[in-house]
Amino acid sequence: MLSVRRLSVASVTILSLIGGTAVAASPAAGGPAAAPTQAQLDRPDQQLGPNWRTSADSLVTGAGTTSGFHLFIAKEKDAFKWATLATLAGSASSGSPWTGYSCVTGSGRYAVAVYASSSSANRQEVLQSGAYAAVVDTSTGQARQLATDVALNYFSPACGPGDEVVLTRSIGADEQQTDLLRVDAITGRITKSIRVKAQVTAPVVASGELHAMRGPALVRVADSGALSEVARTGGRPLSTSATASGAIDLLTVHGDRTVAHRLGNGQLTRLGDAPVGRLQLFPLRGGRNALVGAVQGIARTPDLIGMDGDRPVAAVSGDGHLVATELVADRTVALHTSATAPPDSSDIRVSVQATSSRQHSSGTFRVTSAPRLDVTLQPARPVPGAAGERVDPPTSISTPTCAVLRNDLKRQVLQPTAPMVEWAVNQAVKGQLTVQRPANYLKSGLPAYTPQGLFPLPPLVGGGQVPAQVFLAVLAQESNFRQATWHARPGDGGNPLVGDYYGNKDVPTFIHYQDADCGYGISQMTDGMRVGQTKFTAVQQAAIGIDYAANIAAGLQTLVHKWNELANAGMVPNNGGAAYVENWFLAVWTYNSGFYPQGSGHWGVGWFNNPANPRYPADRVLFLRASYADAEKPSKWPYPEKIMGWAERPQLTYFGKPSYPKPRLGMSGPNPAIADPVHTQFCAPNVNNCDPNNLVNPCPAESSACWWYGKPNWTDCERHCATEVLTYGAGSAEPAMTPQYQPNCAPLGPPGTIVVDDIPDSSVNVRGCAGAPRGGKFVLRTGGGLSPTAYFSQIDLHSFGAGYMGHMWFTHSRDSAKDPGNIPINRPFEVVGAWTPDLPYAPKGKKYKIRAHVPTHGADERVTYVINLGVDDKATHQGQRSVTFEQRANGTNSWLDLGEFTLYTGANVVLSNLVAGANGTADVAFDALAFEPV
């Protein structure tokens, strides 16, 4: 029996969690020491045994960063040195990290991944049928896109003992139907798409036949979608895996025990059990399986091995020689720890805690690799009957449907710090968020207002107030405390944070505005934020988009309305006291997926976020309770459990400090915790046809039958529930902004220097710079003059509050390769900036030193400035010069010399984001240029 012991190294320090995805960053100077790291096992002869150099064993697993979902590989013959196998392309434009799941086929030749943007992990339609799938050759890293409209859940993809894989897709608001997609990994094609008129989970192919779990029953799935029961376990489904011999191993949850079964030769055999959460099932190379965890007393067979361990693991190598216990991305292009350590877009690092199962050797491995964007995402096709099905014709791609526009200089957003957010919530829950915003706040042109003057706090039915930690947890899950774009650091100006502004699910080649989510800012306010909607006035819409305090006031107003709907329906949990965090379980449930009053067709709260829904693993503990790494896979938990988790374990800042305090926990003992309900709490035969003892078909139809509307009671709140802890008293002043970076507000000398800035009036910056006259004209051209595809480059063009006079533009570099017709293949994504100085007339020309301003951050590409020298007094064009230069931000604002040139009438400087070999991840800045007479 193989053994896996607890790692001896320190846990990875998680310093920031963004959009539900954990991101650990290197600590700042004076911060906590990082865990020791190594690239590979340091004593392989002792740690792996004598034959490791000829071993075919390897471990492939995935983690997400802002540049995509990365598959990593560690081969035993290389002493399990970690390296990037492939990066499944996200769009660097959004700045949001990616999340996903992966598996390796039984041959070991192919890895399959299902992945999506973490910022969309709160959206039901994405989790049901909005994720991408790709297959990767493990020997070459070549990747091919399989699908664009599959479910993001923990049991998909499902790799079989050969090279066949099953993907899933959930159909209908209540997931009353399931599509099972059979994939041939060798050809990279979907061979069959089978629609089942029931919710099934944990699919598996055994001896060429498709099986799945329907509640406690293992069923065979015919090509027609018909189901026939093969065996019944009596528990809640968890996982399945087939062997080369055709046997199927199963894990199901029975109360507080996880039970292992094997179906072989038509007989279901109980192999044993372990405490819930202490047993996992993994497929191995060659059609074998591994049970990992508390495996003592569980029967084994030649193709079922046991690996003893005392903590959940993330992945197991094909032969079981290496176990990865945790993967956490510890630095991304969007985040870093100090103003002296700039981000590096090519620096993707993931810390992997892993242990050799042979000699119990352990270590924390560091993967550092330049991203390889192996898959170009294509637009998703409509899924018949799926939630969010598109039936309308495309609108003009020049007509946004979200009310507050991107790249509008009157709609710049100042990204707040964590203390500012906590202060605003502390004030708002008391109805005291009345800080005066003066007229033209953030150069928006808006009239003066106060946040809770625009969005008053309604009284709670039953009295009381919202506990601060409840709403802080909502903001952590919805946006990671971000009012501005994911690219912005505290103190930066930027575009508003908008959920899927282009309706493209981060596909950079697709715009469909009618599919836009239009969720704005820190609380992701969505209702009323589309063009033409009248729920809010234009002033309210703008304030929601640009002002974090106004957004918090509006979001809190929405949450209170959800509580009041439930209270009026008699559905407030436990003793009904609003002061207790746990009693907001249903209110935050409806904040995400809505409440339907009696007589509206549906009645109550929906099945999708019900903890009894088998789309969530039955052995899970509360979100974040085991580890902050839970936030790497947010789709494993229903929304209300994620909020309770963020309340129990607060979000961390860049420097590893809590963004807000824990609530005063009522559960006593050595490990006080939130009193969360059991998974079957909202499952009652007389309410929603959901019998916790018979989960064959918990949601029989898309109707009120599967919606829950009772009054739950799971704890005595006066003794066991959590209450708020406030840091800021009512009426306290707004904390001062502590920016991570400072702009360059100093006009450039000496006298006579002509500076051409990137906006006509540099005083409209939101960073406090007074501004300076612009000595010329700056023009941005997008899309290489193509139409309508020019708008594709708009997706990745960003207004940003950094650099000279507190504003610049940036995009990402693209490969400058050309097609056979000598047209750049990335022309639709081209962004070109042209600086034309107002030069004094000099018929014989005049020499100038040209300088380019490089901002503190948002620039890290080797680019080429083209200097057009202009036309002399004889109308002769003097040609052009090219200067290739590193736009390398180093945490300080700097002017870099491009050289001295004699310039004539009409001279200008041009910069394009098309760069040889670029992969779409490096930043190209369009900031000020200076022309100093020599």
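**Terms and their cut-offs**

Author: The buried residues of H6 are covered by elements that include strand E30 (413-414), helix H4 (451-454), strand E33 (519-520) and H7; contact here means heavy atoms within 4.5 Å. Helices (H or I, at least four residues) and strands (E, at least two) are DSSP runs, numbered from the N terminus. The model is predicted, with local features requiring pLDDT of at least 70 and side-chain atom pairs pLDDT 80 or more, while totals for chains, interfaces and linings use all residues. Residues are numbered from 1 along each chain as its sequence is written, and side-chain values use heavy atoms, leaving out hydrogens and water.

Reader: Why is H6 called mostly covered?

Author: Buried means under 20% relative accessible area, exposed over 50%, and partly exposed in between (1.4 Å probe, protein chains only). Seven of the nine residues of H6 are buried. They are Gln540, Gln541, Ala542, Ala543, Ile544, Gly545 and Ile546.

Reader: What makes H6 and H7 roughly perpendicular?

Author: Axes are lines fitted to C-alpha atoms, for helices over the stretch in contact, and angles run from 0 to 180 degrees between N-to-C directions. Helix H6 (residues 538-546) and helix H7 (residues 548-568) pack at about 110°, with their axes 6 Å apart. Angles under 35 degrees count as roughly parallel, over 145 as roughly antiparallel, 65 to 115 as roughly perpendicular and the rest as oblique. H6 and H7 are therefore roughly perpendicular to each other. The contact is made by Ala543, Ile544 and Ile546 of H6 with Tyr548, Ala550, Asn551 and Ala554 of H7. These residues divide into six nonpolar, one polar and no charged, where Ala, Val, Leu, Ile, Met, Phe, Trp, Tyr, Cys and Pro count as nonpolar, Asp, Glu, Lys and Arg as charged, and the others, Gly among them, as polar.

Reader: Why is H7 called oblique to H8?

Author: H7 and helix H8 (residues 585-593) pack at about 120°, with their axes 9 Å apart. That angle makes H7 oblique to H8. The contact is made by Gly555, Thr558, Leu559, Lys562, Trp563 and Leu566 of H7 and by Leu586, Ala587, Val588, Thr590 and Tyr591 of H8. By class, it has seven nonpolar, three polar and one charged residues.

Reader: Which hand does each crossing have, that of H6 and H7 and that of H7 and H8?

Author: A crossing is left-handed if the near helix is turned anticlockwise from the far one by less than a right angle, and right-handed if clockwise. The crossing of H6 and H7 is left-handed, whereas H7 passes H8 in a right-handed crossing.

Reader: Is Glu641 buried or exposed?

Author: Glu641, in helix H9 (residues 639-648), has 4% relative accessibility and therefore counts as buried. Leaving aside residues up to four places away in sequence, Glu641 touches Phe585, Pro611, Arg620, Leu622, Phe623 and His679. Glu641 and Phe585 are 56 residues apart in sequence and 7.8 Å apart in space, C-alpha to C-alpha.

Reader: And is Ala875 buried or exposed?

Author: At 64% relative accessibility, Ala875 counts as exposed. Ala875 is in the loop between strand E43 (860-868) and strand E44 (880-888). Its phi is positive, about 60°, although it is not a glycine. Most residues other than glycine have a negative phi.

Reader: Why is strand E39 called largely enclosed?

Author: Five of the five residues of strand E39 (residues 808-812) are buried, so the rest of the structure largely encloses it. Met808, Phe810 and His812 are buried on one side, and Trp809 and Thr811 on the other.

Reader: How do you know that E39 pairs with E38 and E48?

Author: Two strands pair if DSSP finds at least two bridges between them. Three bridges join strand E38 (residues 798-801) to E39, and the two run antiparallel. E39 and strand E48 (residues 923-926) pair in the antiparallel sense over four bridges. Ser799 stands opposite Trp809 in E39, and Phe810 stands opposite Ala925 in E48.

Reader: What makes E4 and E6 edge strands?

Author: An open sheet of three strands has the order E4-E5-E6, with antiparallel pairing. Strand E4 (58-65) and strand E6 (81-89) each have a single partner strand, so one side of each is left without a neighbour in the sheet. The twist averages 25° from one strand to the next. E4 and strand E5 (residues 68-75) pair over eight bridges, with Leu59 opposite Ala74 in E5.
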